[in-house]
Amino acid sequence: MSAVSTSDDSVLEIESSAMAPLAAPLFGVAGSPGTRLLAGPARSSGTETLAGHDHRLGIVDLDDVTPQALRDTVRASGLLGRGGAGFPTATKLDLAAASPGTPIVVVNASEGEPASRKDHTLLELRPHLILDGAHVAAAAVGANEIVVYSHHANRRANAALVRALGERRDAGRANVPVRVINAPDRYVAGETSAVVSYLSGNGALPRRGAQPAAKVGIAGRPTVVNNAETFAHLALIARFGPAWFSQVGTPEVPGSTLITLAGSVAVPGLVVEIVGPVTIGHVLESMGGLDAVPRAVLLGGYGGTWISGEAAWHTPLERHRLGALGLSLGCGLVAVLDDGACGWVETARLLRWLAGQSSGQCGPCVFGLPALAALVDDIVAGKSRRADLRRLREHAASVRGRGACGHPTGAVNLVESALETFTPELAMHLRGAVCDPSDGPSPFPLPHERGVRQ
Amino acid sequence: MTTPTNAIRIVVDGSRCDGHGICALVLPERISLDRWGYASLDSEPIADPKTLARARRAVHACPALALALVGPVDTAVRVRRQIGRRSRTDNRSTSAEAAS
C-alpha cells in the first residue's frame with residue numbers, strides 16, 4: 001500500500017510501489033497527511049508546543065457553550081471510549097453530570113498493557129490535545145479537578161506532560177487544576193475501578209463495581225475516567241463538530257483509532273492512526289515492514305486473541321467488525337509473531353506473566369491462572385498428553401467470566417485462541433517436541449524492565 | 001448490570017468469595033464449586049419461588065458476604081431487611097446492583 005506518506009523520517013523507510021495510490025490516506029503515523037490525532041509535526045519534531053498546537057488547531061472556547069450543549073455534541077459524535085471496552089463517552093458524561101457531588105475528570109494514560117504505546121505516544125507528541133479534551137470533559141460535567149493518571153516509567157510522556165502543563169499555566173489557561181498521579185506497577189492498575197480505588201487512597205485493585213465510577217467514583221464523587229486517546233478525540237470534536245468526526249470510521253465506531261504495532265515488526269511500538277477501512281495485512285505490510293504473512297498476530301493486548309497470520313491478513317482492522325468476528329481490538333495492540341517462533345513458547349511466557357499480575361483478590365484468578373500456566377508450560381516442555389489438553393480446556397472454561405475484573409478472562413482468551421491457532425505446533429509438542437523458551441529474545445516485551453520503557 | 005427488569009438473579013463478588021462452600025449446599029441447582037472450591041454461579045434469572053427462597057438463604061448464609069440478589073429495587077430492600085445490620089458498603093452495593 002502506498003497510501004501512506006510518512007513524513008516520520010527516521011522511523012520508516014518502507015514503501016511498496018506495486019499498488020496504485022489511493023485517494024485518501026487510510027492510516028498514518030505522526031505527521032502523516034490525513035491523520036487526525038497524529039496530524040501536525042512528525043515524531044522527530046518531538047512534543048508539540050502550546051503555541052504550535054494553538055496555531056494549528058485554534059483555541060477551544062469553552063466559555064460560550066453550556067455543559068448540556070457540549071454533552072449533546074459528544075452524544076451526536078457517537079464517540080466510544082478507546083481504552084478497550086468501547087463504552088459511549090456521552091453516557092458517562094451525562095451520568096456524571098446528573099449524579100450528586102462535584103465531578104472529577106481522570107485521564108487514564110497509565111497504559112499498563114506492556115507492548116501498547118498509543119497513549120504514551122499521544123501524550124508525548126500531543127499533550128495539549130489530551131489536556132484540551134480533559135478540559136472539554138470537565139466543562140461538560142462541571143468538574144473542578146482533572147487528574148492525569150500516568151506511569152512513572154514513561155519518562156518522555158511524563159516530561160512532555162509536565163512541560164505542557166507549565167505552558168498552559170504561563171498562558172493563563174489553567175482554568176481547571178490538573179494533577180498528575182502515577183499508577184503503581186500492576187497490569188490491572190489501569191482498570192477503571194482500580195483507578196478509582198487508587199485515587200481514593202486505597203490500593204489499585206479492581207472492584208466489583210456496585211456503582212459506575214461516573215456516578216460514585218473517587219471519594220464518592222462522580223468520576224469521568226476515560227482513556228487518554230478518548231480525550232484527544234473530545235478535543236477535536238469540540239472544535240470541528242460531530243459531523244466532521246464521523247466522516248471517518250464506521251457508523252458503529254465513528255472516528256479514527258490509534259493502534260500499536262508490536263512484536264516482529266520493523267519498529268516495535270510504532271503507533272499508527274487508522275483513518276479508513278483497512279485490513280491488518282495492509283497496515284503490517286506498509287507500516288510494519290512485513291513482506292510475508294507472519295505466523296500469527298496477537299490482537300488486543302496480552303489478554304487478547306491469537307489469530308493466524310493468514311486469517312489476520314484479510315481481517316478488517318476495525319473495532320466493530322472485529323467484534324462481529326468474536327475478536328476484540330482491545331487497547332489497539334497488533335503484535336506480530338514471526339514464522340520461526342513457537343506460539344506456545346510465547347503463550348506460556350505471557351500467561352505466566354499474566355498469572356503473576358493477578359491482584360490476588362479472586363480465587364479463580366489466584367489459582368486458575370497459575371494452573372493454566374503450568375499446563376501450558378508442560379506443552380512447551382513436550383510433557384503434555386491428550387488428557388492434559390482436556391484438563392487445559394476444562395480449566396480455561398471454568399475460569400472464563402469469573403472474578404471481579406476481566407483479567408482472568410483475558411488470560412483464558414490467550415490460551416483458548418492459542419489452542420485454535422497453534423494446532424500444528426501443538427501436535428508436535430504432544431508428540432514430545434520440546435521448545436527452549438530461552439532460545440533467543442522474545443519479541444513481546446514484559447515490564448520486568450519497566451524502568452527502561454520509553 | 002444489564003439486569004432485565006423484574007428478573008432476579010444471584011451474583012457473586014469473586015473478590016469476596018473465600019470458598020466456604022455453604023451456598024453450593026443451599027442452592028445446588030444454581031451454585032457449584034470449582035476445582036479450587038470457589039462458588040461458580042448460574043446467574044440466569046430465577047423464576048421459581050422455591051429456588052428464589054433458597055437463593056435468599058444462600059445469600060444470608062455466606063460468611064464472606066459475597067453473594068447478592070440483583071433485580072428490581074424492592075428486591076434489594078427486602079434482602080437488606082433480612083440481612084439486617086451490615087456495613088454501609090454492603091447495603092450500598094446490594095441496592096446499587098439492584099437499581100442498575
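**Figure 1. Strands E6 and E7 of chain A pair in the antiparallel sense.** Five bridges link E6 (residues 257-263) and E7 (residues 270-274) of chain A. Strands here (E, at least two residues) and helices (H or I, at least four) are DSSP runs, numbered from the N terminus. Two strands count as paired if DSSP finds at least two bridges between them. In this pair, Leu258(A) stands opposite Glu273(A) of E7(A). This is a predicted model: local features need pLDDT of at least 70, side-chain atom pairs count only at pLDDT 80 or more, and totals for chains, interfaces and linings use all residues. Residues are numbered from 1 along each chain as its sequence is written, with chains lettered from A and ligands numbered from 1 in the order in which they are written.

**Figure 2. A mixed sheet of six strands in chain A.** The sheet is open, and its strand order is E1-E7-E6-E10-E8-E9. Its edges are E1 (27-28) and E9 (305-308) of chain A. Each edge strand has a single partner, so one side of each is left without a neighbour in the sheet.

**Figure 3. A parallel sheet of four strands in chain A.** This sheet is also open. Its order is E4-E3-E2-E5. E4 and E5 (223-227) of chain A stand at the edges. Each has a single partner strand, so one side of each lacks a neighbour in the sheet. From one strand to the next, the twist averages 25°. Helix H5 (residues 127-141) of chain A packs on the sheet and touches E2, E3, E4 and E5 of chain A. The direction of H5(A) makes about 155° with that of E2(A). Axes are lines fitted to C-alpha atoms, for helices over the stretch in contact; angles run from 0 to 180 degrees between N-to-C directions.

**Figure 4. Strand E3 of chain A and its two partners.** E2 (residues 104-108) of chain A runs parallel to E3(A), joined by four bridges. Val107(A) stands opposite Val148(A) of E3(A). Strand E4 (residues 178-183) of chain A also pairs with E3(A) in the parallel sense, over six bridges. Here Ile146(A) faces Val178(A) of E4(A) as its opposite residue. The chain crosses from E3(A) to E4(A) through helix H6 (residues 155-170) of chain A. This β-α-β crossover is right-handed: with the strands pointing away from the viewer, the path from the first strand over the helix to the second runs clockwise. Val148(A) has Val180(A) as its bridge partner in E4(A).

**Figure 5. Both faces of strand E3 of chain A are covered.** Six of the six residues of E3 (residues 146-151) are buried. Buried means 20 or more other C-beta atoms within 10 Å of a residue's own; exposed means 12 or fewer, and partly exposed lies in between, with C-beta atoms placed from the backbone. One side carries Ile146(A), Val148(A) and Ser150(A). The other carries Val147(A), Tyr149(A) and His151(A).

**Figure 6. Domain 1 of chain A meets domain 2 of chain A.** The assignment, which is automatic or from a database, gives domain 1 (43-245), domain 2 (250-337) and domain 3 (343-434) in chain A. The C-alpha centres of domains 1 and 2 of chain A lie 25 Å apart. In the contact, 19 residues of domain 1 touch 18 residues of domain 2. Contact means that the C-beta atoms of two residues, placed from the backbone, lie within 7 Å. Helices H4 (118-125) and H8 (228-245) of chain A each supply at least two residues of the domain 1 side. That side divides into six nonpolar, eight polar and five charged residues. Ala, Val, Leu, Ile, Met, Phe, Trp, Tyr, Cys and Pro count as nonpolar, Asp, Glu, Lys and Arg as charged, and the others, Gly among them, as polar.

**Figure 7. Chain A touches chain B.** Twelve residues of chain A and 14 residues of chain B take part. On the chain A side, helix H13 (residues 363-380) of chain A gives the most, with three residues. This side holds five nonpolar, five polar and two charged residues.

**Figure 8. Chain B and the setting of Ile22(B).** Chain B has four helices and four strands, in the pattern β-α-β-β-α-β-α-α along the sequence. Of its 100 residues, 36% count as buried. Ile22(B) lies in helix H1 (residues 22-26) of chain B. Ile22(B) is partly exposed, with 17 other C-beta atoms within 10 Å. Not counting residues up to four places away in sequence, Ile22(B) touches Ala61(B) and Cys62(B). Leu33(B) is eleven residues from Ile22(B) along the chain, and their C-alpha atoms are separated by 9.8 Å.
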